[in-house]
Amino acid sequence: MTRIVAVCRRDPAVVEAVRSSLAAHADIQGSISGARQVVCWAELRSGADGGSQARELSALDGVARTEVFDSNYALVDRRTQSESTTVPFGSLQFGRDLVVIGGPCSAETATQVDSVAAAVARAGGHALRGGAFKPRTSPYSFQGLGEPGLMLLRHAADAEGLPLVSEAMCAEEVELVARHAHMVQIGSRNMQNFRLLEAVGRCDTPVLLKRGFMARVDEMLAAAEYIYCRGNTQIVLCERGIRGFDPTFRNILDLSGLVWLKQRSHLPVIVDPSHAAGTNELVAPLARAAIAAGADGLLVEVHDRPEEALSDGEQALTPGQFATLMLEVAAVARALGRRLAPGPRCAGGEGIAMSNAAAD
Ligand code: PEP
Ligand code: MN
C-alpha cells in the first residue's frame with residue numbers, strides 16, 4: 001500500500017488546505033499533532049500518482065516536507081533523507097562523534113553514583129547513564145529510587161561535566177525525567193508503548209530508543225517514526241540484544257540489525273553490549289565488535305562494586321575494566337579512521353589522546 005505524508009505548520013488553515021488536497025486522491029486519511037507541527041497522512045488509491053500529489057502538496061503554504069512511501073515509516077528512512085542526522089548531547093553530537101556512555105544500571109546511593117560517575121569521566125567516558133525508574137521482571141526486585149535517584153544522578157553528572165541519560169517508563173514520567181536528564185531513555189520493554197512514544201515525541205529532549213528484545217528492526221523504525229512525526233527528531237537508536245534460543249546468553253547482540261539500521265535510517269545507532277551480554281566477560285569483546293561494525297557509540301553498565309549491585313551486577317564492568325575498554329575502543333575506532341572525542345575529564349584519556357594522535 002502506498003501512503004503519503006505532509007509535514008505542515010500547526011495552523012488550522014494550513015492543515016485544512018492539506019487535508020482537502022489529500023481528500024481528492026485518498027479515501028483514508030488522518031493527522032498526527034505534535035507540539036509545533038501536524039503530519040497529515042493518507043493512503044493513496046491504487047493507481048494514484050503519488051509524485052504529482054506530493055508536488056501539489058509541497059506547493060501549499062506551510063508544508064515543510066512531503067513523502068510518498070510503502071512501508072510503516074517515512075521520515076526516519078534514509079531513502080527520504082540521505083544525510084545522517086546528528087543529535088546533540090552535552091558538547092558532543094551523536095552521529096558525528098563516537099559517544100561512550102557509562103554508568104550503573106540503577107542509581108543506588110550517592111556514594112555509588114558519585115564514584116561511578118568519577119570513574120567514567122576519568123576513563124574518558126562522555127556521558128553518564130543510570131536508572132531511577134527500573135523495569136524489573138519481578139515485582140519483588142529493586143524498582144529504583146525514583147526522583148531522588150534522578151537527583152543523585154544529575155548531581156554526579158554535573159560534578160563531572162557529563163550529560164545524563166535516564167529511563168522513563170510511562171508517559172507521566174517523561175516530564176520529570178526530562179527535567180533532570182539530558183536524554184530520555186525508552187527501555188526495551190517499552191519500545192512499542194505507543195503512548196510513551198507519543199509523549200517523548202511531543203517533548204524537546206533527545207530520546208534514546210532501545211530495541212525491544214523481541215522486536216524486528218523494521219518495527220523499531222516504525223517506533224522511531226511515532227516519535228519523529230510528532231516533531232522530536234532528536235532520536236538515537238540503541239541495539240541491545242534480542243532474545244535467542246540459547247540460555248547460555250542473556251540476549252544475542254544483533255550486529256546485522258545494527259548495520260541494517262545504520263543503512264536504512266539516517267538516525268544515529270549505538271550499541272548496549274551490557275544487556276546483550278548479560279555477563280561481564282562478554283561485554284568488552286561485544287563493544288569492540290560494535291564499534292568495528294559501525295556503531296555511533298556505546299551504552300555500558302559500570303559499577304564500583306558489581307557484586308553488591310541491586311540490579312544487573314553480573315554484567316557490570318568495574319571502573320578498571322571500563323578504563324581498559326575505552327582504550328580498546330579508541331584503538332578500534334582509529335583502525336577504521338574514526339576517532340574517540342576526548343571526554344570532558346580526559347585525564348585517563350591520555351591513552352585515548354595518543355590513539356587519536358596516531359590517527360591524525
Ligand atoms: C537499562 O538500560 O538499564 C535497561 C533496563 O535496559 P533494557 O531496556 O535494554 O533492558
Ligand atoms: Mn540494566
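**Figure 1. An open sheet of 4 strands with antiparallel pairing.** Welcome to this predicted model; our tour begins with the sheet, whose strands follow the order β2-β3-β1-β4. The edge positions belong to β2 (26–33) and β4 (63–69), and each of these has a single partner strand, so one side of each is left without a neighbour in the sheet. From one strand to the next, the twist averages 15°.

**Figure 2. The pairing of β1 with β3.** Here we look at strand β1 (residues 3–9) beside strand β3 (residues 37–44). The two run antiparallel and are joined by 7 bridges. To find your place along the pair, look for Cys 8, whose bridge partner in β3 is Val 38.

**Figure 3. Helices α1 and α2 with the sheet.** Helix α1, made of residues 12–23, lies across β1, β2, β3 and β4. Its direction makes an angle of about 155° with β2. Helix α2 (residues 50–58) also packs on the sheet, where it touches β1, β3 and β4. Compared with the direction of β4, that of α2 is at about 170°.

**Figure 4. Where domain 1 touches domain 2.** Let us step back to the whole protein chain, which is divided into domain 1 (3–69) and domain 2 (87–359). A distance of 36 Å separates the C-alpha centres of domain 1 and domain 2. Domain 1 brings 6 residues to the contact, and domain 2 brings 5 residues. On the side of domain 1 that touches domain 2, you will find 3 nonpolar, 2 polar and 1 charged residues.

**Figure 5. Helices α4 and α5 in contact.** The next views each show a pair of helices. Two packed helices are described by the angle between their axes and the distance between the axes. For helix α4 (residues 147–160) and helix α5 (residues 171–180), the axes come within 9 Å and cross at roughly 20°. Angles under 35 degrees count as roughly parallel, and α4 and α5 are therefore roughly parallel to each other. Their crossing is right-handed. From α4, the contact uses Glu 147, Leu 150, Met 151 and Arg 154, while α5 supplies Leu 176, Val 177 and His 180. Sorted by class, the residues in the contact of α4 with α5 are 4 nonpolar, 1 polar and 2 charged.

**Figure 6. The oblique pair α7 and α8.** Which angle do the axes of α7 and α8 make where they cross? Helix α7 (residues 217–228) and helix α8 (residues 255–264) cross at roughly 45°, and their axes come within 10 Å. The two helices are therefore oblique to each other, and the crossing of α7 and α8 is right-handed. In this view, Val 217, Met 220 and Leu 221 of α7 meet Gly 257, Trp 260, Leu 261 and Arg 264 of α8. The contact of α7 with α8 has 5 nonpolar residues, 1 polar and 1 charged.

**Figure 7. Helices α10 and α11 packed together.** Our last stop is helix α10 (residues 280–292) with helix α11 (residues 319–335). Their axes are 9 Å apart, at an angle of about 25°, and α10 and α11 are therefore roughly parallel to each other. As α10 passes α11, the crossing is right-handed. Ala 284, Ala 287, Arg 288, Ile 291 and Ala 292 form the α10 part of the contact. The α11 part is formed by Gln 321, Leu 325, Glu 328, Val 329, Val 332 and Ala 333. The contact of α10 with α11 has 8 nonpolar, 1 polar and 2 charged residues.

How values were computed: Residues numbered from 1 in each chain as written. Chains lettered and ligands numbered in written order. Predicted model: local features only at pLDDT ≥ 70, side-chain atom pairs only at ≥ 80, totals over all residues. Pairing = 2+ DSSP bridges. Axes fitted to C-alpha atoms, helices over the stretch in contact; angles between N-to-C directions. Contact = placed C-beta atoms within 7 Å. Domains from an automatic or database assignment. Nonpolar A, V, L, I, M, F, W, Y, C, P; charged D, E, K, R; others polar. Parallel < 35°, antiparallel > 145°, perpendicular 65-115°, else oblique. Left-handed = near helix turned anticlockwise from the far one by under 90°.
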